[in-house]
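Please read them alongside the sequence and the coordinates.

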Amino acid sequence: MENFKTVLKQKGLKSTAQRVLMLKSIEEEGHADIDMLRLKMSKVAPSISLNTIYLNLEQLAKEGVISKVSLNDQKNVYEIRKATHAHLVCKVCGQIDDKDMDDKLLSAMKESAKGIAFEPSFVAVNIYGICAKCASHQTNKEKR
């Protein structure tokens, strides 16, 4: 928790109990949407409002403490900011797993963007498919 206080201070943000709780909750979940955060945070801070959570999420994303992950047909989720990686998103259960990106692939993507006079500042990759758990459930259903 002390680490979150340090990060907030480095970004010039107040280290409020709500922000620290929010960051801890996001870290525990890996990827959290606003409703999940509200449910989790309300156990510790019952009076916290969705508006307060939303405003803090936007501020923390703007300052680069967290990242907003936009997914097809799903609510945005938030994660603690980390090195560029891909999100493996299951189309069946919605599970999101992080996968480190190969440096060569990342460089190729950035070079491709430069080829059209575009200077990338951030790369986000979402790969949609079916996770192993859901795939095994489908295989089991087919065998019946």
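1. Ala86 has Val125 as its bridge partner in strand S5. A second bridge between these strands joins Cys90 to Gly129 of S5. S3 and S5 run parallel and share 5 bridges; two strands are taken to pair if DSSP finds at least two bridges between them. Helices (H or I, at least four residues) and strands (E, at least two) are DSSP runs, numbered from the N terminus.

2. On provenance: the model is predicted, so local features need pLDDT of at least 70 and side-chain atom pairs count only at pLDDT 80 or more, while totals for chains, interfaces and linings use all residues. Residues are numbered from 1 along each chain as its sequence is written, and side-chain values use heavy atoms, with hydrogens and water left out.

3. The other partner of S3 is strand S4 (residues 96–100), which pairs with S3 in the antiparallel sense over 5 bridges. Val89 is bridged to Ile96 of S4. The hairpin of S3 and S4 has 5 residues between the strands, and Gly94 there has a positive phi near 85°.

4. Together the 3 strands make an open sheet of mixed pairing, in the order S4-S3-S5. Strand S3 (residues 85–90) is mostly covered, with 5 of its 6 residues buried. Buried here means under 20% relative accessible area, exposed over 50%, and partly exposed in between (1.4 Å probe, protein chains only).

5. Which secondary structure does the chain have overall? There are 6 helices and 5 strands, and from the N terminus the elements run α-α-α-α-β-β-β-β-α-β-α. The C-alpha trace spans about 50 × 50 × 25 Å along its principal axes. Of the 144 residues in the chain, 31% are buried. Among contacts with a separation of 6 or more, 42% come from residues 24 or more positions apart; contact means heavy atoms within 4.5 Å.

6. Two packed helices are described by the angle between their axes and the distance between the axes. Axes are lines fitted to C-alpha atoms, for helices over the stretch in contact, and angles run from 0 to 180 degrees between N-to-C directions. Helix H3 (residues 34–42) packs on helix H4 (residues 50–62) at about 120°, with the axes 10 Å apart. The two helices are therefore oblique to each other; angles under 35 degrees count as roughly parallel, over 145 as roughly antiparallel, 65 to 115 as roughly perpendicular and the rest as oblique.

7. The H3 residues that meet H4 are Ile34, Asp35, Leu37, Arg38 and Met41, and their counterparts in H4 are Leu50, Ile53, Tyr54 and Leu57. By class, this contact of H3 with H4 has 7 nonpolar, no polar and 2 charged residues. Ala, Val, Leu, Ile, Met, Phe, Trp, Tyr, Cys and Pro count as nonpolar, Asp, Glu, Lys and Arg as charged, and the others, Gly among them, as polar.

8. H4 also packs against helix H2 (residues 17–29), at an angle of about 75° and with the axes 11 Å apart. H2 and H4 are therefore roughly perpendicular to each other. From H2, the contact takes in Gln18, Arg19, Met22, Leu23 and Ile26; from H4, Thr52, Ile53, Asn56, Leu57, Gln59 and Leu60. The residues of the contact of H2 with H4 divide into 6 nonpolar, 4 polar and 1 charged.

9. Is Glu79 buried or exposed? Glu79, in strand S2 (residues 77–80), counts as buried because its relative accessibility is 3%. Not counting residues up to four places away in sequence, the residues Glu79 touches include Ile26, His31, His85, His87 and Asp98.

10. Gly64 sits in the loop between H4 and strand S1 (66–69). Not counting residues up to four places away in sequence, Gly64 touches Lys11 and Arg81. Gly64 and Arg81 are 17 residues apart in sequence and 6.7 Å apart in space, C-alpha to C-alpha.

11. One backbone angle is worth a check. Most residues other than glycine have a negative phi. Ala117, not a glycine, has a positive phi of about 60°. Ala117 lies in the loop between helix H5 (103–114) and strand S5 (125–129), and counts as exposed because its relative accessibility is 74%.
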